[in-house]
Amino acid sequence: MRALLDGVDIFTVSLWLSGLLLLLVLIGVRVAFAAAFVGMLGLCLYFMQRQGFDRGLVTALKLAGQVPHSKATGYALSLIPTFILIGYLAYYAGLTKALFEAAKRWVGWLPGGLGVATVFATAGFAAVSGASVATSAVFARIAIPEMLKLNYDKAFAAGVVAAGGTLASLIPPSAILVIYAIIVEESVGKLLLAGFIPGMVSALIYAGLVIGMAKYRKTLGPPVSGFTWGERFASLPGALPILFVVFIIIFSIYYRGEDGAWATPTEAGALGAFVVLIMALWKGMKWGQLRSALMEAAKLTVMIFAMIWGVLIYVRFLGFAQLPDHFAGFIAGLEMSPYLVLLMILGAYVILGMFMDAIGMLILTLPVTFPAIMALNGGPDITREMSAFGMTSEECAIWFGIIVVKMAELCLITPPIGLNCFVVAGVAQDSKLPISVQDVFRGATPFFGADVVTVGVLIAFPGIVLWLPGLV
């Protein structure tokens, strides 16, 4: 076996195996299993070439087993389940309905008012929920029936909810930003803070799109009028608990005393989950609702962890094959504008996003694209003056993280895999609403253009991303 593998170039093997991985994902194999299989196969070939069949196989198996264990016992990953749990507890505590009602009373008078209210309510809920899918599922139950009662176009109503759910990818606490931070080994706290203003900008662009569409085609959704100022102010106390939880999380992470930060992001997430649990119990949450919240959070956490573990085995093989280094060198050596190269990489994400879920796409591609972007900017020790994008390596890592996570949001609403669209359609059909998957995709299509505009704004004005982290 060792003799057969002596003439094999492991870098060429890594290219073929990466193609095999994409093929497996496209034909429907789960990302976690496909990545683990390809990574394991690559590790076996690599060590068999150097140590022979028996020793190489044992070494590969040991390494493949150690990688998930070392990451699972790490501190950073424990942040993900707490952020996810906050969102599900907030839903079962009834906080989301109060948030939607407040938004409806304050902005419902605008063209497409309930659509605008849904965008702002999902943005508010995203500030306590780390999962886009959970946000879409929650508001599919709350907002769509309200819009249909007022004769909103069903595709428009469903599309607003599906797109609004993607805001949870950027607005902290965001599970996908935590995953990015873990993969590229950057500060979780700074990345979470960096997502806040871009998330708000994205929500405003969504709201502007809804208003423009409803004003141009009045049949899409009428405004909601008749609320007095007294009724508007009376709705605010119901939304305050979510704002309180957001304040606790942000304050805990970013308040700096004499001994440093008051809490780590993981501790802040756990504190936020505890506060929401107390609120939920105070509002009369039943045992069945608590059990459902815990089970839903556990299911989503296990899915994310499984993908991370599988992909980390694949990433370890890529490290031995030096594929990221080769790709970074290739990108840095291109004689074209760095911004043009960046747009080409983002275009590749658009295509991949049509066939892969957001988290799977990021954890598969970042080990290759992130070193390439860092090399394109000028390397790890570059100054702002000498860099291609006018920022240090840490700033570039944060800026690229927000942009690439925004690109991942596109995956959630683009056919044929757009997970948010399938979730919204599934919830609508469970609720006996006349909405199909095709309706949801049709309604979400205009928001693709809004996301492209948002990405363009973030590329043109990186200060939107870097201002808040720069204060820490």
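Figure 1. Glu395 counts as buried at 17% relative accessibility, where buried means under 20% relative accessible area, exposed over 50% and partly exposed in between (1.4 Å probe, protein chains only). The model is predicted: local features need pLDDT of at least 70 and side-chain atom pairs count only at pLDDT 80 or more, while totals for chains, interfaces and linings use all residues. Residues are numbered from 1 along each chain as its sequence is written, and side-chain values use heavy atoms, with hydrogens and water left out. The side chain of Glu395 meets that of Arg384 in a salt bridge of 2.5 Å, N to O; the term denotes a side-chain nitrogen of Lys or Arg within 4 Å of a carboxyl oxygen of Asp or Glu. This pair links distant parts of the chain, with Glu395 in helix H19 (residues 393-411) and Arg384 in the loop between helix H18 (358-377) and H19, 11 residues apart. Helices are DSSP runs (H or I, at least four residues) numbered from the N terminus. Arg384 is partly exposed, its relative accessible area being 45%.

Figure 2. Side chains of opposite charge can pair when their charged atoms come close. About one helical turn separates Lys406 from Glu409, because the two are three residues apart in helix H19. Lys406 is buried, with a relative accessible area of 0%, and Glu409 also counts as buried, at 0% relative accessibility. Arg442 and Asp439 meet through their side chains in a further salt bridge, at 3.1 Å, N to O. Both residues belong to helix H21 (residues 437-460) and lie three residues apart, about one turn of the helix. Asp439 counts as buried, at 7% relative accessibility.

**Figure 3. A network of salt bridges.** Glu101, Lys104, Arg105 and Glu146 are linked in a network of salt bridges. A search of the whole structure finds nine salt bridges.

Figure 4. The structure holds 12 aromatic pairs. Rings of Phe, Tyr and Trp (its six-membered ring) pair if their centres lie within 6.5 Å; planes under 30 degrees apart count as stacked, over 60 as edge-to-face and the rest as tilted. Tyr152 and Phe156 form a stacked pair, 6.3 Å centre to centre with 20° between the planes. Tyr152 is buried, with a relative accessible area of 4%, and Phe156 is buried, with a relative accessible area of 3%. Trp229 and Phe233 form a tilted pair, 6.3 Å centre to centre with 35° between the planes. These two residues are separated by about one helical turn, being four residues apart in helix H13 (residues 229-254). Trp229 is exposed, with a relative accessible area of 54%, whereas Phe233 counts as partly exposed at 49%. Trp106, Trp229 and Phe233 form one aromatic cluster. The charged end of Arg232 sits over the ring of Trp229, 4.7 Å from its centre; this arrangement requires NZ of Lys or CZ of Arg within 6 Å of the ring centre and within 35 degrees of the ring normal.

**Figure 5. Helix H10 and its cover.** Helix H10 (residues 175-184) is mostly covered, with nine of its 10 residues buried. Among the buried residues are Ile176, Leu177, Tyr180 and Val184. Their cover includes helix H5 (79-92), helix H11 (188-194), helix H15 (287-321), H18 and H19, judged by contact, meaning heavy atoms within 4.5 Å.

Figure 6. Glu185 follows H10 and lies in the loop between H10 and H11. Its phi is positive, about 60°, although Glu185 is not a glycine. Glu185 is exposed, with a relative accessible area of 67%. Asn151, likewise not a glycine, has a positive phi of about 65°. Asn151 lies in the loop between helix H8 (132-149) and helix H9 (154-165), and is exposed at a relative accessible area of 64%.
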